[in-house]
Amino acid sequence: PTLPDPSLTGVLAVQKQAMAAGAPGALTRIDSGATVHKLSMGKADRAAGTVMDADRRFRVGSVSKSFTTVVLMQLVAEGRLDLDAPANDYLPRALPDDRITVRHLLSHRSGLWDYTNDMFYHTVPGFESVRNKVFTYQELIDLSTAHAPANEPGAAYSYSNTNFVVLGQMIEHITGLPMATQYEQRIFKPLGLRNTSYVHPRTTLTGSYARGYVRDDDTTLPLVDSTEQTVSWAQSAGAVISSSSDLNRFFAAVVTGKLLAPEQLREMMSMVPVNADGTQSYGLGLRGRELSCGVTVYGHTGTVQGYYTYAFTTADGKRRMTSMANTSNNGTVNSILGGTLEAAFCGTDPT
Ligand SMILES: C[C@@H](NC(=O)[C@@H](C)NC(=O)CCCC[C@H](NC(=O)C[NH3+])C(=O)[O-])C(=O)O
């Protein structure tokens with residue numbers, strides 16, 4: 001089906017509402033065939049008064065999970081591991097349950113507790129206590145396995161950062177190479193993603209970037225500049241830095257088979273509904289969203305201190321959109337920002 005044209009007034013209205021709800025700034029980039037739309041407003045740096053622009057780099061949070069998945073699925077294609085084998089076959093230290101498979105980790109069905117639930121129970125104190133910390137994968141996994149699992153392996157979808165920390169440890173254990181090298185050699189370099197990097201545990205962003213501001217649980221308190229952090233609490237689950245242009249190019253490359261063989265792409269895009277009306281689904285390290293105009297888009301969302309991201313493409317890669325607002329711990333901003341999907345892919349206005 002041909003998609004309606006994007007509604008640029010719709011994107012601007014969504015971004016304006018996101019700012020009214022507390023985001024210092026917002027950016028959106030739509031690539032529709034050869035046409036590029038770049039929309040931005042507000043501030044990239046509140047103290048300096050620097051205006052936002054759509055080319056700035058930012059922390060993408062869980063969109064990193066799709067990058068980690070591509071690396072892992074390439075290893076599957078190379079015969080280095082089997083999706084339905086026990087994860088314990090490929091780890092330096094066994095998880096408590098041998099029934100957890102690699103696929104369970106990729107689809108958030110392992111039941112492994114998400115250690116960030118405790119780590120960030122109090123948003124700003126939790127952030128301040130880890131922002132300069134460097135964790136090993138094992139330390140994060142141990143934080144998780146100190147808790148009972150959320151469900152039996154395979155029994156339910158329960159989103160957990162722990163799953164993708166285990167997958168990062170698994171990839172390094174199998175290949176003997178750091179995730180940074182894997183991302184660079186298998187994705188960043190082949191696709192020419194010059195504004196994408198994995199610099200864990202370095203805390204600074206380079207080049208032109210947006211600063212991020214996390215909101216305190218006490219919303220009467222000022223925003224906290226959360227731009228510099230190791231993101232060691234997330235690593236292969238959330239530490240990639242990228243840009244709207246690079247994320248649009250990445251997801252188009254994924255769905256058009258530039259990074260994965262057909263069998264592995266089919267596995268990654270085999271979606272399971274995760275909400276009551278089935279409009280939201282999860283495949284392997286990939287979110288699916290069915291929009292009001294009947295099109296399903298594929299990609300990932302991201303939430304890291306100071307940054308909300310939506311990065312999605314149509315199944316044929318012809319239209320893709322990345323949207324970011326530089327605040328977090330503000331559910332209103334996050335759900336408002338999701339309105340850019342409707343504007344970009346269905347041409348609707350949020351009026
Ligand atoms: C949901 C999202 N997940 C991610 O991007 C991962 C990497 N982020 C998180 O798990 C949230 C960490 C806390 C953020 C903090 N929140 C709190 O501290 C809450 N007390 C904040 O909002 O800055 C996804 O998959 O789409």
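Some ground rules before I go on. This is a predicted model, in which local features need pLDDT of at least 70 and side-chain atom pairs count only at pLDDT 80 or more, while totals for chains, interfaces and linings use all residues. Residues are numbered from 1 along each chain as its sequence is written, and side-chain values use heavy atoms, with hydrogens and water left out.

Which residues place an N or O atom by an oxygen atom of the ligand? Among them is Thr 303, with a backbone N or O atom at 2.7 Å. Asn 329 also uses a backbone N or O atom, at 2.8 Å. Arg 287 uses an N or O atom of its side chain, at 3.1 Å. Taken alone, the ligand exposes 630 Å², and the protein buries 83% of that; these areas come from the Shrake-Rupley method with a 1.4 Å probe.

Next, the strands. Two strands pair if DSSP finds at least two bridges between them. Arg 287 belongs to β10, residues 287-290, which runs antiparallel to β9, residues 280-282, with three bridges. Opposite Arg 287 stands Tyr 282. β9 and β10 form a hairpin with four residues between them, and Gly 285 in the turn has a positive phi of about 60 degrees.

On to β10 and β11: they run antiparallel, joined by four bridges. Arg 289 stands opposite Val 297 in β11. This hairpin has five residues between the strands, and its Gly 294 takes a positive phi near 85 degrees.

Last, there is an open sheet of three strands, in the order β6-β5-β14, with mixed pairing. Why is one side of β6 and of β14 left without a neighbour in the sheet? Because β6 (224-225) and β14 (327-328) stand at the edges, each with a single partner strand. β5, residues 213-214, pairs with β6 in the antiparallel sense over two bridges, and Tyr 213 has Asp 225 as its bridge partner.

Technical notes:
Polar contact = N/O pair within 3.5 Å; in protein donor to acceptor, adjacent residues only side chain to side chain.
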